[in-house]
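Welcome! Take a moment to look around before reading on.

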Amino acid sequence: MEKTFRIAPSILSANFAELGQEITDVITSGADIVHFDVMDNHYVPNLTIGPLVCEAIRPVTDAIIDVHLMIEPVDRIIPDFAKAGANIITFHPEASNHIDRSLSMVRDLGCKSGLVFNPATSLDYLDHVMDKIDMVLLMSVNPGFGGQKFIPETLNKLRLARKKIDQYMEKTGREIWLEVDGGVNADNITEIAQAGADTFVAGSAVFGAANDNDPNKYDSIIGSLRASLAKA
Ligand code: DX5
Ligand code: ZN
């Protein structure tokens, strides 16, 4: 059976002065998901965007908005993102005192829920909450900044996560996506897919590839990511 691969450009590397157009352009070029990085200068040493910006871009696209919370704590802000039109909300288990409760909160508000694993965070956090998870996100860099280098150990972790998810899917018939985030590009995406990821965040690789004057400026980078995925 043909595998489904989803490409999720991280708008962290987009031109924020033209954010709506940037989103329209990447989706028109064939990207599937808008990856939305939220940082609080507390859980990670950087500060980005919040629910206001999510609300502002919601009318621009029908694509899934995948909100990655790098903030602590998470419960106070989850409802704001649900209201702002997020489709998926993921958070880091270390950033919630009550992981099960936070996951339930996301689901109760009508969004898909997920946990994010830093490079050194154990997948054990999944064990007792699989029923409440729609997406597992493995960080392949330490969170906080775009443009970092892919950490190769992530490939082993992806294989482990893939196994856990496949076992769960076999047992329950319910689908869980496996997303990878950080340092993904057209040169390494084939082996990342072979290790088990089905959803690929790419920030600098996508938005850094643009030529300002080209109206179809993201066709070629999204095309080469897809071509590399076809080899997986
Ligand atoms: C890092 C963010 C990533 C980042 C990816 O903390 O979660 O989504 O923007 O950017 P690249 O693809 O440049 O590593
Ligand atoms: Zn992210």
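## Ligand 1 and its surroundings

In this predicted model, the side chain of Asp181 has an N or O atom 2.7 Å from an oxygen atom of ligand 1. Ligand 1 is fully wrapped: taken on its own it has 380 Å² of accessible area, and the protein covers 100% of that. Around ligand 1 there are 20 residues, and the closest are Asp37, Gly147, Asp181, Gly203 and Ser204.

| Residue | Part of the residue | Distance to an oxygen atom of ligand 1 |
|---|---|---|
| Asp181 | N or O atom in the side chain | 2.7 Å |
| Gly147 | polar backbone atom | 2.8 Å |
| His68 | N or O atom in the side chain | 3.2 Å |

## The zinc ion

Two of the names in the table return at the metal. Which residues coordinate the zinc ion (ligand 2)? They are His35 through NE2, Asp37 through OD, His68 through ND1 and Asp181 through OD, at 2.0 to 2.3 Å. Along the sequence, these donor residues follow the spacing H-x1-D-x30-H-x112-D.

The zinc ion (ligand 2) has six donor atoms around it, and because the angles they subtend run from 69 to 169°, the arrangement is octahedral. Two of the coordinating residues can also be placed by their accessibility. His35 counts as buried because its relative accessibility is 0%. Asp37 has a relative accessible area of 5%, so Asp37 is buried too.

## Helix α4 and the glycine after it

Now let us turn to a helix. Helix α4 spans residues 99-108, and within it Ile99, Ser102, Leu103, Ser104 and Val106 are buried. An α-helix has 3.6 residues a turn, so residues three or four places apart point the same way. What covers the buried residues of α4? The cover includes α3 (78-83), β4 (88-91) and β5 (112-117).

Follow the chain onward to Gly110, which sits in the loop between α4 and β5. Just after α4, this glycine takes a positive phi of about 90°. Is Gly110 buried or exposed? Gly110 is exposed, because its relative accessibility is 65%. Gly110 and Ala209 are 99 residues apart along the chain, and their C-alpha atoms are separated by 35 Å.

Thr61 belongs to the loop between α2 (51-57) and β3 (64-70). Thr61 is buried, because its relative accessible area is 9%. Setting aside neighbours within four places in sequence, Thr61 is in contact with Ile23, Ile27 and Val34.

Asn41 is found in the loop between β2 (33-39) and α2. With a relative accessibility of 53%, Asn41 counts as exposed, because the cut-off for that is over 50%.

The last two stops concern the backbone. Most residues other than glycine have a negative phi, and most peptide bonds are trans. Asn41 is not a glycine, yet it has a positive phi of about 55°. Which residues does a cis peptide bond join? It joins Glu72 and Pro73, with omega at about -5°. Pro73 lies in the loop between β3 and α3.

How values were computed:
Residues numbered from 1 in each chain as written. Chains lettered and ligands numbered in written order. Predicted model: local features only at pLDDT ≥ 70, side-chain atom pairs only at ≥ 80, totals over all residues. Heavy atoms only, no water. Buried < 20%, exposed > 50% of the residue type's maximum accessible area, 1.4 Å probe, protein only. Helix = DSSP H or I, 4+ residues; strand = E, 2+ residues; numbered from the N terminus. Contact = heavy atoms within 4.5 Å. Donors = N, O, S within 2.8 Å, 3.2 Å for Na, K, Ca; no water. Tetrahedral: all angles 85-135°; square planar, octahedral: opposite > 155°, others 65-115°. Near = heavy atom within 4 Å. Polar contact = N/O pair within 3.5 Å; in protein donor to acceptor, adjacent residues only side chain to side chain. Areas by Shrake-Rupley, 256 points an atom, 1.4 Å probe, with all protein chains shown as cover.
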